[in-house]
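Subject: Structure for you to look at

Hello,

Here is the structure I said I would pass on. Please open it first, then read the notes below with it on screen.

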Amino acid sequence: MLERPPEPELEPEPPAAPGLSLLERAAAERAQRQQELLARAIEAPVPEAAPAAGSAAAPAAPAAAADEAAPQLGAFDDTFTWSAEVLAAQGRQLDDISLEEIDWLGRLRRGMEKTRQGFVTQLLDSLGDDPLSPEVLDELETLLLRADVGVQATDQVLEALRERMNREVVDPTEGIRFLKEQLQGLLEAPIRASGATLLAPERGRLNVWLMVGVNGVGKTTTLGKLANLAIRSGYSCLIAAADTFRAAAVQQVQVWGERSGVPVISNPSANADPAAVVFDAIGAAKAKGTDLVLVDTAGRLQTKHNLMEELSKVRRIVDKLAPEAVVQSLLVLDASQGQNGLKQAMAFASAAGLTGVVLTKLDGSSRGGVALAVSSEAGLPIRFIGAGEGIRDLRPFNSFEFVEALLAR
Ligand SMILES: Nc1nc2c(ncn2[C@@H]2O[C@H](COP(=O)(O)OP(=O)(O)O)[C@@H](O)[C@H]2O)c(=O)[nH]1
Ligand SMILES: [Mg+2]
């Protein structure tokens, strides 16, 4: 059985007075947090921890790192109300909704603004007030394909809608609800097949998570965010700097490690063997009883063949040294690359033995629909999504929230 998901823990929240509405409670939390942040800003300005900074950067205290990106609510606007509604729709109780979740959903919704523009507006326009028609389905097909949902997923959704329309008249509201249900079903299928609703390290065992993917998609950033999430969720963690192809890569990962107080195992010699770094890291993790080893890998080598060879070798080393470990091989995909992500998934699948996907850069991408293409065509579960460069801009994937954000008005 998997343990609870790595729910980010927040600082103790002010006790909620009974009877206070969610809005009132959030307002009080926000006021208090702003005061705290203000007080801290006066005491000591929080250093900007840029991932690209050199290794000379002073290690940031873990507490400071966590506070640096502590959630703050904006105005109680439309986004806030929407986030609260999405959480409530999942049956979440008032007292287990955190400020962080509201904040995250708001960012996710904003991040998917571009995907929605043209999609939802056009969809609603063509739906009008009349029951769904074959013309509307044609339009929907174009819209889905343009949002990079992919041919297979699009066909499946349209087939379901068509079948439904053959049986009865479907009004626009029901049409949207049914569409959301279909999309969520597609995203959930590989998750259900994997047997784990949420991906979290198994306690009491060694967990090794490899970050793989092409250059620039956000592997190192994702690893940094995951290290922080793991620490905040009470796991011990260690980073293996196995992208030895670029010298700067090791420094970048070191800065991320420092931000969360996570040790980084690296090999300073030029052209070090990534498999040797992984060897050292697993040795260290076993000696210390570490819960989670996060492995950063290269996204580019001299040739694509070399890259795949190297990944297979890293994978073999892990399996050989730690056959008892729970290994996750997570393909990091940049959402803005759309359908290209699907090709990448296919290319990495065999060499790296992929078990899941992390979708990054949903902020500012207009092609969030690729999540559906990856789920249905590559059959891989989406495990985490990233929507921003900050340390907290990564959350476990939730298909309901994703579809709501994709189709929010
Ligand atoms: N906007 C945005 N930028 C991101 C996100 N994830 C990573 N990045 C940026 O993408 C760039 C490449 O990231 P990096 O982690 O170095 O990619 P890698 O080559 O796969 O390790 C960096 O500038 C990151 O800050 C994200 O979710 N949103
Ligand atoms: Mg990198």
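**What was found**

The protein chain has 16 helices and 8 strands. Please keep in mind that this is a predicted model. Of the 409 residues in the protein chain, 45% are buried. Among contacts between residues at least 6 apart in sequence, 79% join residues at least 24 apart.

**The sheet**

In what order do the strands of the sheet stand? The 8 strands form an open sheet in the order β3-β2-β4-β1-β5-β6-β7-β8, with mixed pairing. The edges are β3 (264-265) and β8 (394-396); each has a single partner strand, so one side of each is left without a neighbour in the sheet. As background, strands of a sheet pair through backbone hydrogen bonds, either parallel or antiparallel.

Strand β2 (residues 237-242) and β3 run parallel and are joined by 2 bridges. In this pair I239 stands opposite V264 of β3. On to the next pair: β2 and β4 are parallel as well, over 6 bridges, and the bridge partner of A242 in β4 is T297. Strand β4 also pairs with β1, in the parallel sense, through 5 bridges. There V208 stands opposite V293 in β4.

Strand β4 is mostly covered, with 6 of its 6 residues buried. Both of its faces are covered: L292, L294 and D296 are buried on one side, and V293, V295 and T297 on the other.

F384 stands opposite P396 in β8. How many of the residues of β7 are buried? The count is 5 of 5, so β7 is largely enclosed by the rest of the structure.

**The ligand and helix α10**

There are 19 residues around ligand 1, and G218, K219, T220, T221 and G386 come nearest. By class, this shell has 3 nonpolar, 11 polar and 5 charged residues. Which helix gives the most to the shell? Helix α10 (residues 219-232) does, with 3 residues.

**Helix α4**

At 1.5 Å a residue, its 13 residues should span 18 Å, and its end C-alpha atoms are 18 Å apart, which agrees. Helix α4 is mostly covered, since 10 of its 13 residues are buried. The buried residues are E101, I102, D103, W104, L105, G106, R107, L108, R109 and G111. One general point to keep beside this list: an α-helix has 3.6 residues a turn, so residues three or four places apart point the same way.

F80 counts as partly exposed because it has 19 C-beta neighbours inside 10 Å, and a residue needs 20 or more to be buried.

A second pair spans a longer stretch of sequence. E181, in helix α9 (residues 172-194), and F400 are 219 residues apart along the chain, with their C-alpha atoms separated by 8.7 Å. E181 is partly exposed, with 13 other C-beta atoms within 10 Å.

**Two backbone angles**

Most residues other than glycine have a negative phi. Which residue in the loop between α7 (134-146) and α8 (151-167) is worth a look? D148 lies there, and its phi is positive, about 70 degrees, although it is not a glycine. D148 counts as buried, with 27 C-beta neighbours inside 10 Å.

K361 is another case, with a positive phi near 60 degrees. K361 lies in the loop between β6 and α15 (370-378). K361 is buried too, with 25 other C-beta atoms within 10 Å.

Regards

Note on methods
Residues numbered from 1 in each chain as written. Chains lettered and ligands numbered in written order. Predicted model: local features only at pLDDT ≥ 70, side-chain atom pairs only at ≥ 80, totals over all residues. Helix = DSSP H or I, 4+ residues; strand = E, 2+ residues; numbered from the N terminus. Buried ≥ 20, exposed ≤ 12 C-beta atoms within 10 Å, placed from the backbone. Contact = placed C-beta atoms within 7 Å. Near = placed C-beta within 6 Å. Nonpolar A, V, L, I, M, F, W, Y, C, P; charged D, E, K, R; others polar. Expected span 1.5 Å × (residues − 1). Pairing = 2+ DSSP bridges.
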